[in-house]
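Here are my notes on the model you sent over, as numbered points.

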Amino acid sequence: MSITKDDVMYIAKLAKLRFDDEEAVAFASEFEIILDQFKTLDNLKLDEVEITRPNVAVVRKDMCKKCEINDLYRNVKLMRETLIEVPKIIE
């Protein structure tokens with residue numbers, strides 16, 4: 001199965017992302033590599049493999065990190081004073 005630039009643009013539209021043509025071509029080749037990895041996994045014989053799970057929950061430690069206020073608002077598209085304005089999703 002071949003992933004085209006148009007497939008990537010369609011997926012990007014669904015995810016509300018924007019890519020230029022160069023990025024779409026690059027993502028198309030990366031998607032093909034990922035799908036090839038799934039084909040490799042499909043060919044593995046795993047019928048007799050026993051699944052083991054750890055008895056203890058593995059949880060990472062919470063780590064406090066100090067950051068500047070500008071770092072928090074770096075990806076915000078629209079602000080009104082100290083409020084972040086988001087698009088309306090319910091009509």
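1. Salt bridges. The count comes to five, taking a salt bridge as a side-chain nitrogen of Lys or Arg within 4 Å of a carboxyl oxygen of Asp or Glu. In general terms, side chains of opposite charge can pair when their charged atoms come close. One of the five joins D36 to K39, with the closest N and O atoms 3.7 Å apart. Both residues sit in helix 2, three residues apart, which is about one turn of the helix. D36 is partly exposed because its relative accessibility is 41%, and K39 is partly exposed too, with a relative accessible area of 41%. For these labels, buried is under 20% relative accessible area, exposed is over 50%, and partly exposed is in between (1.4 Å probe, protein chains only).

2. Where the numbers come from. This is a predicted model: local features need pLDDT of at least 70, side-chain atom pairs count only at pLDDT 80 or more, and totals for chains, interfaces and linings use all residues. Residues are numbered from 1 along each chain as its sequence is written, and side-chain values use heavy atoms, with hydrogens and water left out.

3. Two further salt bridges. R60 and D62 meet through their side chains at 3.6 Å, N to O. R60 counts as exposed because its relative accessible area is 67%, and D62 is exposed at 70%. Then there is D71 with R74, where the closest N and O atoms are 3.9 Å apart. D71 is partly exposed, with a relative accessible area of 41%, whereas R74 reaches 59% and so counts as exposed.

4. Helix 2. Helices here are DSSP runs of H or I with at least four residues, strands are runs of E with at least two, and both are numbered from the N terminus. Helix 2 covers residues 21-42. It has 22 residues and reaches 32 Å from its first C-alpha to its last, close to the 32 Å expected at 1.5 Å a residue; the expected span is 1.5 Å times one less than the number of residues. At the start of helix 2, a side-chain oxygen of D20 comes to within 3.3 Å of the backbone nitrogen of E22. A24 and A12 are twelve residues apart in sequence and 8.9 Å apart in space, C-alpha to C-alpha.

5. Aromatic rings. A pair of aromatic rings is described by the distance of the centres and the angle of the planes. Rings of Phe, Tyr and Trp (its six-membered ring) pair if their centres lie within 6.5 Å; planes under 30 degrees apart are stacked, over 60 edge-to-face, and the rest tilted. The whole structure holds two such pairs. F19 and F27 make a tilted one, 4.6 Å centre to centre with 45° between the planes. F19 is partly exposed because its relative accessibility is 23%, and F27 is partly exposed at 29%. Ring pairs link F19, F27 and F31 into a cluster.

6. A nonpolar surface patch. Which residues form it? They are I34, F38, L41, L44, L46 and V49, with about 580 Å² of accessible area together. Patch members have over 30% relative accessible area and no salt bridge; like charges are joined within 9 Å, and nonpolar side chains (Val, Leu, Ile, Met, Phe, Trp, Tyr) within 5 Å. The areas come from the Shrake-Rupley method with a 1.4 Å probe, and for residues only the protein chains shown count as cover. F38 is found in helix 2 and is partly exposed because its relative accessibility is 48%.

7. K16 lies in the loop between helix 1 (5-14) and helix 2. Phi of K16 is near 55°, a positive value in a residue other than glycine. Most residues other than glycine have a negative phi. K16 is exposed because its relative accessible area is 75%. P87 and K16 are 71 residues apart in sequence and 12 Å apart in space, C-alpha to C-alpha. P87 lies in the segment after strand 2 (83-84) and counts as exposed at 68% relative accessibility.

8. N70. This residue lies in helix 3 (residues 69-72). N70 is exposed, with a relative accessible area of 60%. N70 and R60 are ten residues apart in sequence and 27 Å apart in space, C-alpha to C-alpha.

How values were computed. Polar contact = N/O pair within 3.5 Å; in protein donor to acceptor, adjacent residues only side chain to side chain.
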